[in-house]
Amino acid sequence: MNYPPKQHQDSSRKHLIHVINTYPLATVISVLNNEPIVTHIPLIYENNKLIGHLDGNNPHAALLQNQNKVTVIFSGPQCYISPSIYTTKQLPTWNYVKVHVEGVVSEIEDPESIKQTMVAMTEFLEQPHHNYTLDKNDPDMDTYLPYVKGFKIAITNWEGKFKLSQNRQTEDFEIAKTEMIKHNQVHLGDFLNQIIQ
C-alpha cells in the first residue's frame with residue numbers, strides 16, 4: 001500500500017485489534033450491481049474473524065453470506081488540528097484513527113450459534129461492569145431469533161490508517177495528541193445537545 005504515507009500506516013495487529021475492540025461500531029460495505037450497500041453495526045473480533053448479527057429485514061443481510069467480499073471500517077477518534085497549537089509553522093490538517101479490513105463473509109445458520117453470538121456481543125459490550133447478562137434461554141430470544149441473521153467475516157487484509165501528526169517534531173506531535181484527546185472529551189456533550197432536541 002502506497003497511501004497514506006508510511007508514517008501514517010500501522011501494521012501492528014495488536015494496535016488494530018485494540019481499535020476494533022475499543023470502537024466496535026463498524027461501517028460494513030458490500031457491493032451489489034456496482035452500488036454500495038452500507039450498514040453500521042457493532043462487530044466483535046475473534047481469531048481473525050469479525051462476528052455480528054443484524055435485522056433480517058435489512059437488505060444488506062442477503063449479501064452477508066456465500067463468501068461474498070466485504071469491506072469493514074472501524075473509526076477511532078478524530079479532530080481538526082489548527083496550526084495555532086504548534087510551536088512551528090504548519091498548515092491546517094485533520095487527524096484520525098481508522099482501521100480498514102477486507103474479508104469474505106458467511107452466514108451463521110444454526111439458531112443456537114446465532115444466540116451465542118448475541119450473548120457474546122452483549123457480554124463484550126457490557127465490559128467492564130457487566131450490569132446486564134443476556135440469557136440464552138430467555139423466551140424473548142426465541143421470539144426475535146427468526147428475524148435475526150448472523151454472520152462471520154474471515155479477514156483477508158488489514159490496514160491501519162493512523163494520521164496523528166507523526167511527521168511533526170516530537171513536541172508538536174505531543175501537542176496534536178493532547179488536542180485530539182481534549183477535543184474528543186470536550187465537544188461530545190455539546191454535539192449531542194445540538195442533535196438531540
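Student: How do β2 and strand β3 pair, and over how many bridges?
Tutor: β2 and strand β3 (residues 35-42) pair in the antiparallel sense, over eight bridges. Two strands count as paired if DSSP finds at least two bridges between them. Strands (E, at least two residues) and helices (H or I, at least four) are DSSP runs, numbered from the N terminus.

Student: What kind of model is this?
Tutor: This is a predicted model: local features need pLDDT of at least 70, side-chain atom pairs count only at pLDDT 80 or more, and totals for chains, interfaces and linings use all residues. Residues are numbered from 1 along each chain as its sequence is written, and side-chain values use heavy atoms, leaving out hydrogens and water.

Student: Back to the hairpin. What does Ile29 stand opposite in β3?
Tutor: Ile29 faces Val38 there. The hairpin of β2 and β3 has two residues between the strands, and Asn33 takes a positive phi near 55°.

Student: Which way do β2 and β6 run, parallel or antiparallel?
Tutor: Antiparallel, with four bridges joining β2 to β6. Val28 has Val72 in β6 as its bridge partner.

Student: What does Val72 touch?
Tutor: Leaving out residues up to four places away in sequence, Val72 touches Ala26, Thr27, Val28, Leu43, Leu50, Val99, His100, Val101 and Ile153. Contact means heavy atoms within 4.5 Å.

Student: Which residues touch the most other members of the largest nonpolar core?
Tutor: Leu43, Leu50 and Val72, out of 24 residues in that core. A nonpolar core is a set of buried Ala, Val, Leu, Ile, Met, Phe, Trp, Tyr and Cys residues joined through side-chain atoms within 4.5 Å. Buried means under 20% relative accessible area, exposed over 50%, and partly exposed in between (1.4 Å probe, protein chains only).

Student: Which element gives the most to this core?
Tutor: β8, with five residues.

Student: What is in the second core?
Tutor: That separate core has 11 residues, including Ile44, Met121, Leu145 and Val148.

Student: New topic. How many salt bridges does a search of the whole structure find?
Tutor: Seven. A salt bridge is a side-chain nitrogen of Lys or Arg within 4 Å of a carboxyl oxygen of Asp or Glu.

Student: Which residue forms a salt bridge with Lys115?
Tutor: Asp142, with the closest N and O atoms 2.8 Å apart. The pair links distant parts of the chain: Lys115 is in helix α2 (residues 111-125) and Asp142 is in helix α3 (residues 139-144), 27 residues apart.

Student: Is Lys115 buried or exposed?
Tutor: Lys115 is buried, at 4% relative accessible area. Asp142 is partly exposed, at 43%.

Student: What about Lys177 and Glu174, where do they lie?
Tutor: Both are in helix α4, three residues apart, about one turn of the helix. Lys177 counts as partly exposed because its relative accessible area is 41%.

Student: Last one. Where is Pro59, and why does Pro59 count as exposed?
Tutor: Pro59 sits in the loop between β5 and β6. Pro59 counts as exposed because its relative accessible area is 66%. Pro59 and Thr39 are 20 residues apart in sequence, and their C-alpha atoms are 9.5 Å apart in space.
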